[in-house]
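Please examine the surface and the pockets of the protein shown below. This briefing takes them topic by topic.

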Amino acid sequence: MTYDFTKENNPLFLARPRWLQIATCISAYGYAPFYAFFALCFLFKLNVIRLPALVFLGIKLNALVFYHIMEFTSDMPPPNLGAYWGVEGPYLLSIALILLRTVPGPPFETSASALEPNKEKTN
């Protein structure tokens, strides 16, 4: 099923040029410690995730832009853009969602702010 989808919608990925093999290995194995760190930070709601997440998003965004440039300028561009972006789009969406969560400030409520009394006026 995956093979058939790739054959019909992303022939370059199936052709596996050397640069794509290297990029895939870096993404899977080189970034694995980041994925584990982020999972732990989200699990325990650690605000220390903010700066590393922003740096990592920059790295991932650079890799995604490079990949899509190579994909669309290759001899085998994707023939079905709907199916292609249906699979590739969530990567871009996840970057946008993480940016929305981390750019304005700490992604998790701090324990001090959770304990602050409500500042409503009482009569």
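Helices (H or I, at least four residues) and strands (E, at least two) are DSSP runs, numbered from the N terminus. The model is predicted: local features need pLDDT of at least 70, side-chain atom pairs count only at pLDDT 80 or more, and totals for chains, interfaces and linings use all residues. Residues are numbered from 1 along each chain as its sequence is written, and side-chain values use heavy atoms, without hydrogens and water.

**Leu 61**
- Leu 61 is located in helix H5.
- Because its relative accessibility is 37%, Leu 61 counts as partly exposed, a class between buried (under 20% relative accessible area) and exposed (over 50%), with a 1.4 Å probe and protein chains only.

**Largest pocket**
- A pocket is an open set of points on a 1 Å grid over the protein atoms alone, where a 1.4 Å probe fits, with protein on both sides within 12 Å along at least five of seven lines; lining residues have an atom within 4 Å of a point.
- The largest pocket holds about 710 Å³ of space, a volume being the space filled by probe spheres set on the points.
- Its lining has 25 residues, and Phe 13, Thr 24, Tyr 67, Glu 88 and Tyr 91 are the closest to its centre.
- Helix H1 (2–9), helix H3 (18–30), H5 and H6 each give two or more residues to this lining.

**Second largest pocket**
- The volume of the second largest pocket is about 220 Å³.
- Among its 14 lining residues, Phe 56, Leu 57, Lys 60, Ser 94 and Ile 98 lie nearest the centre.
- At least two lining residues come from each of helix H4 (32–44), H5 and H6.
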